[in-house]
Every structure is written in C-alpha cells, then in structure tokens.
Amino acid sequence: MSTSTTASVSTHILDTSIGRPAEAVAVHLSARSGRAADWQALGGSATDADGRCKDLPALPEGTTHVRLDFAVEAYFEKKQADAQQDAPANRDSGAVFFPEVAITFAVQPGEHYHVPLLLNPFGYSVYRGS
C-alpha cells in the first residue's frame, strides 16, 4: 500500500502460450533511491495459482527506481517436462531462451505500480497496468 511518501508495486504473470497464469514463479524486488544509488534487495515472493504476487515487500521512503526479477527458467523447465510426458515425440532441446526477466522502472511517491508480465517461451512483454 502506498502512502504520500512511498510508492507500491504489484505484479502478475500470464503465460500467453497457454492462455493461463504462470504459477510458482519466483519474483524478487529491489529498489534504489536515484540513478547512481546501489540496488537494495527488499525480498520476494512467488506467483500464486492466479499468477499474482500478493505479498511483495513495501518500498522504502525515497525509492525512485524499482527492479522486478522474474526467475522463469524453473517454470519453463517444469512446463517442458510436463509436455514431454504427454508428447514424447515433440521433445524440445531443453534450453530455456529467457531464463530470467528483469524489469526496471521509475516510481513516484504516492503512486501504485502494477506491472504485468506477458510471457511465452520465446518472448515477453510488460506494461504499466492498473
């Protein structure tokens, strides 16, 4: 929850290759207080069955930039393993093209930032949601 002196962040992931939320993806949150400042790891969460992280840590006062790191490699490896059980003739090479996705964005005090990740095995897109 944002206050007049802090911003807040939420996110969710939709796997567009299957049209469903991406569950159990680790998400880590970092912040800094200026372009030249060092990143401060704040903690993380994992997506739930709806692809949402409902318990990301609060941002410290003075935060100007936020980074969300999505660890998608384990999600895709599990998805590939499940698909191989169902269709062994269609086995992939096992390589994950994007093992992680890092999104950095600027924030203003008092604003809430919802940053959805639209994900597929060979691409992704993000936007500022509502």
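Modeller: Let me start with aromatic pairs: rings of Phe, Tyr and Trp (its six-membered ring) pair if their centres lie within 6.5 Å, and planes under 30 degrees apart count as stacked, over 60 as edge-to-face and the rest as tilted. A search of the whole structure gives 5 such pairs. Before we go on, this is a predicted model, where local features need pLDDT of at least 70 and side-chain atom pairs count only at pLDDT 80 or more, while totals for chains, interfaces and linings use all residues. Residues are numbered from 1 along each chain as its sequence is written, and side-chain values use heavy atoms, with hydrogens and water left out.

Colleague: What makes F105 and Y113 a tilted pair?
Modeller: Their ring centres are 6.2 Å apart, and the planes meet at 45°, so the pair is tilted.

Colleague: And how do you know whether F105 and Y113 are buried or exposed?
Modeller: Buried means under 20% relative accessible area, exposed over 50%, and partly exposed in between (1.4 Å probe, protein chains only). F105 has 14% relative accessibility, so F105 counts as buried. Y113 has 6%, so Y113 is buried too.

Colleague: Which kind of pair do F97 and F122 form?
Modeller: A tilted one, with 6.4 Å centre to centre and 45° between the planes. F97 sits in the loop between helix 1 and strand 7, and F122 in the loop between strand 9 and strand 10 (123–126), 25 residues apart. Helices (H or I, at least four residues) and strands (E, at least two) are DSSP runs, numbered from the N terminus.

Colleague: Why are F97 and F122 called exposed?
Modeller: F97 has a relative accessible area of 55%, so F97 is exposed. F122 is at 60%, so F122 counts as exposed as well. F97, F98, F122 and Y124 form one aromatic cluster.

Colleague: What is the overall layout of the chain?
Modeller: The protein chain has 1 helix and 10 strands, in the order β-β-β-β-β-β-α-β-β-β-β. Of its 130 residues, 35% are buried.

Colleague: What makes D15 and K79 a salt bridge?
Modeller: The term needs a side-chain nitrogen of Lys or Arg within 4 Å of a carboxyl oxygen of Asp or Glu. For D15 and K79 the closest N and O atoms are 2.7 Å apart, so the pair forms a salt bridge. The two belong to distant parts of the chain, D15 in strand 1 and K79 in helix 1, 64 residues apart. D15 has 0% relative accessibility, so D15 is buried, whereas K79, at 23%, counts as partly exposed.

Colleague: How many salt bridges are there in the whole structure?
Modeller: The search finds 4. Among them, D48 and K54 meet at 3.7 Å, N to O. D48 is partly exposed at 24%, and K54 is exposed at 66%. Another one of them joins R67 to D69, with the closest N and O atoms 3.2 Å apart; R67 is partly exposed at 22%.

Colleague: Why is P116 called buried?
Modeller: P116 has a relative accessible area of 0%, so P116 is buried. P116 is in the loop between strand 8 (112–114) and strand 9 (117–120). Contact means heavy atoms within 4.5 Å, and beyond its neighbours within four places in sequence, P116 is in contact with T11, H12, S125, V126, Y127 and G129. P116 and H12 are 104 residues apart in sequence, yet 4.9 Å apart in space, C-alpha to C-alpha.

Colleague: What about H65: buried or exposed?
Modeller: H65 has 15% relative accessibility, so H65 counts as buried. H65 lies in strand 6 (residues 65–71). Leaving aside its neighbours within four places in sequence, H65 is in contact with residues including W39, F105 and V107.

Colleague: Which residues touch the most other members of the largest nonpolar core?
Modeller: A nonpolar core is a set of buried Ala, Val, Leu, Ile, Met, Phe, Trp, Tyr and Cys residues joined through side-chain atoms within 4.5 Å. The largest has 26 residues, and L68, F70 and F105 touch the most other members. Elements that each supply at least two residues of this core include strand 1 (8–15), helix 1 (73–86) and strand 7 (101–106).
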